[in-house]
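Subject: Handover of a structure

Dear colleague,

Please find the structure below, followed by an account of what was found in it. I would be grateful if you could read the account with the structure open.

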Amino acid sequence: MSTNAELMDFEKAIELFEPVLGFEVHVELNTNTKMFSDAPNPASSQAESATQEPNTMITPVCLGLPGSLPVVNEQAVKFSISLGLALGCEIASSSRFARKNYFYPDLAKNYQISQYDEPIAHDGEIEVEIAGGKTFKIEIERAHMEEDAGKLTHVGGSTGRIQGADYSLVDYNRAGVPLVEIVTKIIQGTNENAPEVGKAYVATIREIVLALGISEARMERGNLRCDANVSLSPRGSGKLGTRTETKNVNSLRSVDRAVRYEIQRQAAIIAAGGTIVQETRHWHEDTGTTSPGRPKSDADDYRYFPEPDLLPVEPSASLIQELKNALPEAPAKRRSRLKADWGFSELEFQDVVNAGLLNEIEQTVQAGASPAQSRKWWMGEVSRIANAKSVDPSTLVSPKSVAEIVKLTESGELTDRLARQALEGVIAGEGTPTEVVAKRGLKVVSDDGALIAAIDEALKSQPDVLEKIKSGKIQAAGAIIGDVMKAMQGKADAARVRELILERATG
Amino acid sequence: MNSMSNELIQLSAAKLSEKLVKKEVSALEVTKAHLDRIEEVDPAIHAFLHVSTEALKVAGEVDGARRLGAKLNPLAGVPVAIKDVLCTMDMPSTAGSKILEGWVPPYDATVVKRLRDARLVPIGKTNMDEFAMGSSTEHSAYGPTKNPWDLERIPGGSGGGSAAAVAAFEVPLALGSDTGGSIRQPAAVTGTVGMKPTYGGVSRYGAIALASSLDQVGPVARSVLDAAMLHDVIGGHDPKDSTSLNESWSSFTEAAKEGAKADSLKGLKIGVVKELGGEGFQKGVSDRFAAVCELLAATGAEIVEVSAPSFAYAIAAYYLILPAEASSNLAKFDSVRFGLRVNPPGGGTVEQVMSATREAGFGPEVKRRIILGTYALSAGYYDAYYGSAQKVRTLVQRDFQSAFGKADLLISPSAPTTAFKFGEKLEDPLAMYLNDVTTIPANLAGIPGLGLPMGLAEEDGLPTGLQVMAPAKADAKLYSFGATLEVLLKESSGELILQDSPLYPGANNASSANGGVK
């Protein structure tokens, strides 16, 4: 099994081989309705995926019922053009949909409406930045529009995969969700940075689509999905190796891990005289490993042909220009602006970028928190919990909640320690920070009376400390603060306690 | 059947409309008369796969609305039959296939919705070759429809059910669909009128697709005016069909009425397409066609010969494009969401269930075309087959363009022969395919084509059909010209040719029909 695969030490692998990468990123657009029907889009900003009963967001078109016909969602076309422009692509004045034919029960019509030889956007380039500020140019081959498939749940069997299942359930809510698939050209010259470049690339795509407002971009929900192609070229050989395509690597952290794993796995196989099988591979988040999927040849025959139910997409030059003018700031430009606005050091800012938390911090600042505090919480406590849970920090808590926590601490209503408890409560789904504070009774005790009583008690029990303070050794107050905080079960503002101690001791 | 019913079923839709508007007759009476006729003759004809149980109720509602003075469409209360390829919420929609046996769609086709909105009375679903693949209805999974002229002969296909229902006076109007001649060829061999509109003129939403780039829904009737009136009801832009034209169409009814009044064709240039006649055409058909040409010339039209050299490749191109699109359109019939499901013995994987279902649910002609189409689209063959076929399609369009530079309208026989006998071409698919030689070019080019009767062939006494073609979007011209010609033919050869049909309700010879219906 895959979990037992031999791995070569990463540095050694890079010494022997040059990693060659390629990415296919699927972006679910957040239009109100689906790509080809007026069914509500479960990936839209309004839809709350948690409350979606299976097969409730569907029309005859989503089910591919006989006689039903697709109609292109104009908003999705505009979003796709904007995305193409943001990726530096050329926008085709005429592009066409094509049918990709294959039988699979999650594909209602047994063909997917996609774009084949005439994508809406092609030949772009973006720059991505990794730790230390090193940048890489990633060339974009194409970005094309297509529809998502439904979702299969395999019941029975041990793997949760179709093989060995007793039966499978199909939910077509996702069938027909608008997708843009972004395909890179092959990426070379990343060497030991390969895993980080992969992660930075996907993070940049995420940044772009969020800035454009065209996708919810929540990777854990599949709004943004990455397939990572990895092959190894023996150093000096000048030959490309056989690639594998690891499907659905659905967190930024996993992109790094999956690329790293494939490099190490493939290196071990090649070094041992084996050959790499051209195949798709499944990513296992829990073990951080990949396992074989289905063999994939370049000649998979999807019998593409132009979709006769749809007319070519022919955006006017003026529409393209209009969308171009409305493009948000490019990520690199935005980063330098934010860095200046926030006053972070080069290192601090890089850490934020590498953690993929730029958006979160920006939104937290927009929600009223200070940049320094926003950074502290996201990079500190939130990231710590996220790491422990092996998830992306952005999935744990909203910027709005973090901002609320920051504001509660800044106003003295919460101590740092209480704020951490409040965050824990928010992550546990207990409500907004204010609600958690109320439910858990986390409010700082600001009633001086209770504090004074506790202080007097503490001073009485430690007369030697009292004497020290009286004699001017103010730092001795620390011991009393500890006692008081303990007595107050942490629900006191340490600064105020200190003030009061000095007052009582010297007064 | 009483004499009033007998009279009602002979009336055209236009005449029925007049009587309904004047309240000389009720929709209920009209509908009842036709239901009785269906009960009487359909066991022999088998034009219907399903007869509506709602028709009388719907008719009664129309009468109610009319009594209350509601402003209704002229055709409100007139019964109409619907080809089974069209989705109807209240009746099974099988497209003539076992794989959809009993399937009742959760929505109406746009054309059906428009019929209902105009308050016509849907009376039933008509038989057809499975998924509209055929020229004889012999490929229907539910058994063939008989030609009312001779029960041992085919009624044409794929829309043989709609044509036969109209020809046998079971209903005055019907909807058909025409991918390569499925409205016009049945019209020809049953002595009725059928129109394939300009591609995009009528919505395809809810029409179970055969070949999306060729399919077009159209009217079937016994007169040009009736067809025009039905076309007015079903036509026009539909936002649910992206290939539907956003045009404002002038009234086809008016065009037909104007045409019927014309007493001269002076100034009209009629092109005879050289490639759509001659060798391979039955003598009786060619003779009738020549007679029509003379008649037209005598009425002032200028007859010119035009050539369309690429038509020679039209059938070959058609039989690549159609199966290619069909192979993909029919992929959805996999048992997962609707229709037949066949479990292999002992169960099986989803792939095995799909395979067993398609094996059991599709007939041999459907399988033949799926295999052909799958092959034509395969990597490595695409350019040679599908790609080349599309090039031929462009050439056919150019030929039409140049022909319409020389003539206002083009004419040809609608079919090379009169109705052939059952089984005659069943074992020879190529011979069956060649039956569409005259009608296919119009589908490839997306232009409209009207089929109307042009008299009986001398040698067998069976109907022959004339096809008239116009440039895209010039559908009105066809109705106008068709109505003129209809008058001319009546004047020259007597009344409606259906009066010669053995099943003509006014005739005493009903029981002496070949094969007999009683």
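V121(B) touches A27(B), T31(B), A55(B), V58(B), A59(B), V62(B), G77(B), V78(B), P79(B) and V80(B), residues up to four places away in sequence being left out; two residues touch, or are in contact, if their C-beta atoms, placed from the backbone, lie within 7 Å. Together with L83(A) and V80(B), V121(B) touches the most other members of the largest nonpolar core, which has 247 residues. A nonpolar core is a set of buried Ala, Val, Leu, Ile, Met, Phe, Trp, Tyr and Cys residues joined through C-beta atoms within 7 Å. A second, separate core holds 43 residues, including V352(A), V437(A), L466(A) and V484(A).

The model is predicted: local features need pLDDT of at least 70 and side-chain atom pairs count only at pLDDT 80 or more, while totals for chains, interfaces and linings use all residues. Residues are numbered from 1 along each chain as its sequence is written, and chains are lettered from A and ligands numbered from 1 in the order in which they are written.

Chain A has 507 residues, of which 45% count as buried (20 or more other C-beta atoms within 10 Å of the residue's own; 12 or fewer is exposed, and in between is partly exposed). Chain A contains 16 helices and 14 strands, taken as DSSP runs numbered from the N terminus (helices H or I, at least four residues; strands E, at least two).

Helix α2 (residues 74-86) and helix α5 (residues 317-325) of chain A pack with their axes 9 Å apart, at an angle of about 60°; the axes are lines fitted to C-alpha atoms over the stretch in contact, and angles run from 0 to 180 degrees between N-to-C directions. α2(A) and α5(A) are therefore oblique to each other (angles under 35 degrees are roughly parallel, over 145 roughly antiparallel, 65 to 115 roughly perpendicular, and the rest oblique). K78(A), I81(A), S82(A) and L85(A) of α2(A) meet I320(A), L323(A) and K324(A) of α5(A).

E139(A) lies in strand β6 (residues 135-147) of chain A. Because E139(A) has 13 C-beta neighbours inside 10 Å, it counts as partly exposed. E139(A) touches E125(A), T184(A) and K185(A), again leaving out residues up to four places away in sequence.

Finally, 26 residues of chain A and 34 residues of chain B form the contact.
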